[in-house]
Amino acid sequence: MIEQETLNLLEWQRLSEHLATFASTKLGAIASRNLTIPSTLTESQYLLEQTKEVCELEADINCNWSFTQIYDVGECLERAHIGGMLQGEELLNLATTVAGVRKLRRIIEDQEGIITLKELVSNVKTFPELEKEIHYCIDDRGEITEKASPQLAGIRQKLKSLRTKIQQTLQSIIQRQSNALQEGVITQRGDRFVLSVKAGCSGLVNGIVHDTSSTGSTLYIEPRAIINLGNQLQTSRNQEKREEEKILRQLSEKVAENWVELEQLLAVATALDLATAKARYSIWLEGYAPEFVDFAQGENIFLKQLKHPLLVWQEKKEQGNSVIPIDIFIDSQTRVVAITGPNTGGKTVTLKTLGIVALMAKVGLFIPTQQSPRLPWFKTVLADIGDEQSLEQSLSTFSGHIRRIIRILEQIKSGNSLVLLDEVGAGTDPSEGTAIAIAILKNLAENNLLTIATTHYDELKSLKYSDDRFENASVEFNDVSLQPTYKLLWGIPGRSNAITIAQRLGLPLEVVESAQELVGGFSEDVNDLISALENERREQENKHQQAQELLTKTEQFYQQVETKATSLQARERDLKKEQEEVVQKMLLDAKSQIAQVIKELQKKGDPTAQNAHQATQTLTKIGDRFLTPIQQTKPKNIYKPQVGERIRILSVGQTAEVLDVDEGGEKVNARFGFMKMVVPFTDIESLDGKRWEKEETNPVKTTPKAYKSKPSASNNTSVPKSTVTVRTSSNTVDIRGKRVHIAEPILEKAIDNVIEMGTLWIIHGKGTGSLRKGVHEILDTHPQISRYELAPQNEGGAGVTIVYLK
């Protein structure tokens with residue numbers, strides 16, 4: 001009872017209606033409007049994984065994830081199950097739905113890393129034989145085809161022949177009795193063919209009158225010559241109808257035989273559409289997947305720039321005001337948060353926001369925050385928000401609140417609940433209301449995981465200073481504009497603004513001064529202290545914002561410098577390579593000329609040939625001074641990350657602090673913000689642009705060899721380059737899950753590293769084939785590639801490409 005009341009108070013049904021607009025099928029929309037809130041953490045994590053995986057499918061433009069061929073055939077299945085006969089259009093929709101689910105299952109099975117969705121469709125049967133039989137018997141218009149049975153084909157052929165005879169007979173009458181007819185056309189009344197005969201000429205056309213015009217001037221007569229043919233036609237039509245019903249009943253019986261499996265197929269299609277609606281709604285909200293934390297065991301709640309999803313809808317869909325986000329950070333020791341501040345300042349909206357996003361996380365929806373949200377999995381969310389006054393039940397405001405709080409206290413026996421209390425203790429004498437509010441909150445601090453309460457009572461603000469389980473928060477108020485800013489301030493209690501507002505609004509000065517005297521100086525001092533704290537907080541926020549802007553500009557400048565440095569290095573390498581090519585060409589030309597001289601001298605037997613050979617060796621030494629020695633391996637890069645160093649994580653574009661270095665595993669444990677993650681050496685760089693590269697052993701330096709005379713034609717055979725066709729970790733690169741433009745520099749690096757091995761194994765996976773196609777296009781134009789081929793089936797088949805280098 002209280003849980004359903006909470007859903008109503010939090011306007012959960014409105015959110016469900018918004019979610020339903022993102023569903024593609026009628027069943028998906030119904031499921032969205034009737035979301036079942038999970039009762040276990042495992043179930044919520046499972047639903048959340050489904051949403052994440054559908055987001056991956058939605059991001060893949062080649063995936064073609066669509067529900068256009070899936071219909072709501074639940075009623076048809078129920079009717080077939082109890083012996084009813086399905087119509088042709090219903091059977092056609094069933095066959096199309098079966099084919100649509102088969103297509104979705106194939107998409108899921110072709111993807112890598114889609115675990116929960118594969119589990120969902122693993123046992124689905126799609127009955128291709130039944131689908132084929134339905135399409136064989138039913139055409140695209142939902143009508144039964146002649147090939148459905150020989151009997152039906154014969155009946156329809158007979159019908160066609162009878163219609164032809166009737167048409168011919170009537171045309172003959174029209175030609176003979178054209179003067180007796182109003183129009184020379186054949187028409188129908190009911191199932192009978194008739195002619196429109198003038199009333200005064202009815203004797204010229206003998207037959208049965210089936211109808212008369214409104215004026216009585218025209219009689220619609222079925223000529224006697226076609227009455228027998230018409231009777232035969234009607235008999236054949238009845239036979240056709242019975243045969244069609246026989247075919248439809250046979251197909252319906254086959255549907256009924258597989259009723260259980262088809263119901264399961266429809267349930268899976270609904271679950272997939274619901275997960276897709278959640279993913280699309282989450283993307284539309286610009287949300288992040290929540291991370292469930294163990295609040296009771298010391299993990300904090302962190303929700304940065306949190307927005308209420310219903311307010312986001314108003315802003316985007318209904319031209320509402322811009323949503324002002326709030327930051328929520330609750331220490332794990334806190335059990336009760338007391339939010340104070342003026343009315344209309346956003347206290348109740350804060351309660352509703354936290355309550356509704358806790359429910360969103362439970363059903364597998366992303367949360368509209370700026371960063372990955374971290375919050376506990378609450379077994380129940382219970383709320384007392386709004387006025388419970390009831391004239392029918394003789395309940396005052398105070399009585400209504402207390403009755404609901406009693407139900408909440410009875411419900412929190414598990415202790416793992418989120419309790420939201422609006423204006424706790426209000427509606428009665430302030431002194432007694434304060435005492436009741438303190439007692440209720442202390443009880444909840446003792447027996448519940450987390451309680452958020454709004455209040456105007458000053459005594460509740462002081463609980464923080466005597467009990468570590470309590471925390472203060474307040475909504476900000478602008479004294480100048482006399483308007484709330486809707487910002488939530490943590491650690492600072494709200495101050496009273498009633499007298500200030502009254503004075504600004506024009507209350508007589510003597511009345512204001514009298515009110516201040518009645519309040520007392522101590523209260524004024526407290527308000528001044530709170531105001532000073534708020535000003536200090538604003539100053540710190542401004543400094544923080546300036547520091548963030550400076551950091552952003554610094555990072556942009558660093559990226560620009562790095563890009564220019566990389567461009568200059570590439571230009572330097574190109575110039576050096578061009579110079580070496582020019583010198584190499586000159587040396588080769590010179591050696592070729594001297595070789596010709598040596599060859600001629602050797603033929604003549606001239607003793608000066610020895611001198612020519614020595615000249616060749618001298619020329620080779622000169623070439624060595626111009627040419628840069630070719631290294632078989634890249635120079636060692638001595639950069640390694642150190643504990644405490646600030647590094648940049650390339651894959652996410654964030655700077656982080658190194659907490660631990662695992663040199664053996666070639667990875668570091670790094671922290672940025674509140675997140676910790678393990679990152680490989682290859683995904684990091686120092687802030688000055690240095691990157692780690694795996695050290696190669698035994699670099700071999702080669703220089704151009706001394707020229708030897710060209711061998712004879714009989715010995716001039718080419719020796720192929722030695723290649724390693726054995727797959728090892730050194731000549732294998734895994735680029736699964738990466739885009740083509742990201743994979744290209746990885747392939748370039750891998751090719752350079754295995755240039756002497758001669759063979760490279762590229763693991764790109766099967767998937768849709770777009771990554772494999774992109775890799776092959778890169779290999780087709782690469783100057784160092786001799787050829788490539790797909791790996792044998794036992795080595796990965798179409799998911800692996802073997803590359804042979806020149």
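1. Helix α3 against helix α11. In this predicted model, α3 and α11 pack with their axes 8 Å apart and at an angle of about 65°. That makes α3 roughly perpendicular to α11, since an angle of 65 to 115 degrees counts as roughly perpendicular. The crossing of α3 past α11 is right-handed.

2. Residues of that contact. By class the contact of α3 with α11 holds 5 nonpolar residues, 3 polar and 1 charged.

3. Burial in α3. Helix α3 covers residues 26-33, and its buried positions are L27, G28, A29, A31 and S32. The elements they pack against are α2 (12-20) and α11 (259-284).

4. The α2 side, seen from S16. Which residues does S16 touch, leaving aside those up to four places away in sequence? They are S32, R33 and L35. S16 itself lies in helix α2. With a relative accessible area of 1%, S16 is buried, because the cut-off for that class is under 20%.

5. Helix α4 against α11. Helix α4 (residues 41-59) also packs on α11, at an angle of about 70° and with the axes 8 Å apart. The two helices α4 and α11 are therefore roughly perpendicular to each other. On the α4 side the contact involves L47, Q50, T51, V54, C55 and E58. On the α11 side these meet A275, T276, K278, A279, R280, S282 and I283. The classes here are 6 nonpolar, 4 polar and 3 charged residues.

6. The two contacts on α11 read together. The reader may wish to view both sets on α11 at once. For charged residues, the α3 contact has 1 and the α4 contact has 3.

7. Helix α1 and the residue after it. In α1 (residues 2-9), the buried residues are I2, E5, T6, L7 and L9. Their cover includes α2, α13 (347-362), β10 (380-384) and α14. Just after α1, E11 has a positive phi of about 60°.

8. Helices α14 and α15. Helix α14 (residues 397-411), part of the cover of α1, also pairs with helix α15 (residues 430-447), their axes coming within 12 Å and crossing at roughly 15°. Are α14 and α15 roughly parallel or roughly antiparallel? They are roughly parallel to each other, because angles under 35 degrees fall in that class. The crossing of α14 and α15 is left-handed. F398, I402, I405 and L409 in α14 meet I436, I440, N443 and L444 in α15. This contact has 7 nonpolar residues, 1 polar and no charged.

9. Strand β1 at V185. V185 sits in strand β1 (residues 181-189). V185 is partly exposed, with a relative accessible area of 42%. Beyond its neighbours within four places in sequence, V185 is in contact with I174 and L195. The C-alpha atoms of V185 and S196 are 7.8 Å apart, and the two residues are separated by 11 residues along the chain.

10. Strand β3 at V209. V209 belongs to strand β3 (residues 207-212). Its relative accessible area is 43%, and V209 is accordingly classed as partly exposed. Apart from residues up to four places away in sequence, V209 touches L219, Y220 and I221. P223 lies 14 residues from V209 in sequence, at a C-alpha to C-alpha distance of 8.7 Å.

11. The chain as a whole. The chain has 22 helices and 25 strands. Of its 806 residues, 41% count as buried. Among contacts with a separation of 6 or more, 68% join residues 24 or more positions apart. The accessible surface is about 44600 Å², and carbon and sulfur atoms supply 50% of that surface.

Notes
Residues are numbered from 1 along each chain as its sequence is written. This is a predicted model: local features need pLDDT of at least 70, side-chain atom pairs count only at pLDDT 80 or more; totals for chains, interfaces and linings use all residues. Side-chain values use heavy atoms; hydrogens and water are left out. Buried means under 20% relative accessible area, exposed over 50%, partly exposed in between (1.4 Å probe, protein chains only). Helices (H or I, at least four residues) and strands (E, at least two) are DSSP runs, numbered from the N terminus. Contact means heavy atoms within 4.5 Å. Axes are lines fitted to C-alpha atoms, for helices over the stretch in contact, and angles run from 0 to 180 degrees between N-to-C directions. Angles under 35 degrees count as roughly parallel, over 145 as roughly antiparallel, 65 to 115 as roughly perpendicular and the rest as oblique. A crossing is left-handed if the near helix is turned anticlockwise from the far one by less than a right angle, and right-handed if clockwise. Ala, Val, Leu, Ile, Met, Phe, Trp, Tyr, Cys and Pro count as nonpolar, Asp, Glu, Lys and Arg as charged, and the others, Gly among them, as polar. Accessible areas come from the Shrake-Rupley method with a 1.4 Å probe; for residues, only the protein chains shown count as cover.
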